[in-house]
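Student: I would like to learn how to read a helix pair. Please take me through one.

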Amino acid sequence: MVTCCSPSPSTSPPPPVAETPVERALREERAFHDDRYGAAGRLRPDTRQTFRDSITPPFLPGGSPRGVTQLRAYELLLREGVEGKRVLDYACGLGKWSIHLAQLGARVSGFDLSGVAVEHARERAAYNGLEIKFDEANAAALPYGDAEFDLAVGVAALHHVIKYPGTAAELLRVMRPGGLVVFTENFGHNPVLEVARRLSMRELEGAGDVILTEAEIRDWASGFSRVEIEPYSLLLMLKRAFRGRYRLLQALHALDEDLLTRVPALRRYCGECVVLLRR
């Protein structure tokens, strides 16, 4: 007599767990920046001069479009003092700031969502003979201890992380009481500028960029004891259209300083800002 075996239980794998909106945003943003950072140039020695050249304002020869706010951030860090301090390079990218601050005697750690950026930053530190700890990490789950850092600097970083829950709490956690955080950022109250940005930023779809308002910054940073926002670049936001036209850009910069002094309400319509947070 032939007996029929009962069907064996299914061994097919369980269906994949659907991504949450946050997980999907992180995956897409990581992939975008891995691709962008994959085009990084060859390693070269980093000196104090090469760093200062990179933060020169756009109205001076060789200047960078983001030089105004980056120079201001650098001045604030130097005023606070970096030698011997524990410094976090927040969303460090290719490690430019980490390298320079370590050369000034800071004890630097850096993190970025992009593993490609982190690997380049590690190679860059080794090439320059520096010991810097770089981590691939999500800003909502930082691999550092409580109250570990005296200073933190984030260059064009906040407009990426602000949309993720828990990022402000994590930054608060790793900063020591009284610690200073400095961000250089965009500023989004000028309607004319916003139209231009939306047209020019189409190629950055997937980057996870957010155009920041004062209310959004203050809400995100509400746990800090002190929040200051310094707006920059009103007429000087024409810098990309007139790159290399130094006399014209110098005139626009001078007009900005005069207008913003005489009519402080115009600061709201600037295109960039520096954000200072005190733990």
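**Reading a helix pair**

Tutor: The axes of helix H3 (residues 67-80) and helix H4 (residues 96-103) come within 13 Å and cross at roughly 30 degrees. Axes are lines fitted to C-alpha atoms, for helices over the stretch in contact, with angles from 0 to 180 degrees between N-to-C directions. Helices (H or I, at least four residues) and strands (E, at least two) are DSSP runs, numbered from the N terminus. This is a predicted model: local features need pLDDT of at least 70, side-chain atom pairs count only at pLDDT 80 or more, and totals for chains, interfaces and linings use all residues. Residues are numbered from 1 along each chain as its sequence is written, and side-chain values use heavy atoms, without hydrogens and water.

Student: How are H3 and H4 oriented to each other?

Tutor: Two packed helices are described by the angle between their axes and the distance between the axes. H3 and H4 are therefore roughly parallel (angles under 35 degrees).

Student: Which residues of H3 and H4 meet?

Tutor: Contact means heavy atoms within 4.5 Å. From H3, Gln70, Ala73, Tyr74 and Leu77 meet Lys96, Trp97, His100 and Leu101 of H4. Five of the contact residues are nonpolar, two polar and one charged.

Student: Is helix H7 mostly covered or mostly open?

Tutor: Buried means under 20% relative accessible area (1.4 Å probe, protein chains only). H7 (residues 167-174) is mostly covered, with six of its eight residues buried. Among them are Leu171 and Leu172. The buried residues of H7 pack against elements including strand E4 (149-155) and helix H9 (214-220).

Student: And how much of the whole protein chain is buried?

Tutor: Of its 279 residues, 45% count as buried.

Methods: Angles under 35 degrees count as roughly parallel, over 145 as roughly antiparallel, 65 to 115 as roughly perpendicular and the rest as oblique. Ala, Val, Leu, Ile, Met, Phe, Trp, Tyr, Cys and Pro count as nonpolar, Asp, Glu, Lys and Arg as charged, and the others, Gly among them, as polar. Buried means under 20% relative accessible area, exposed over 50%, partly exposed in between (1.4 Å probe, protein chains only).
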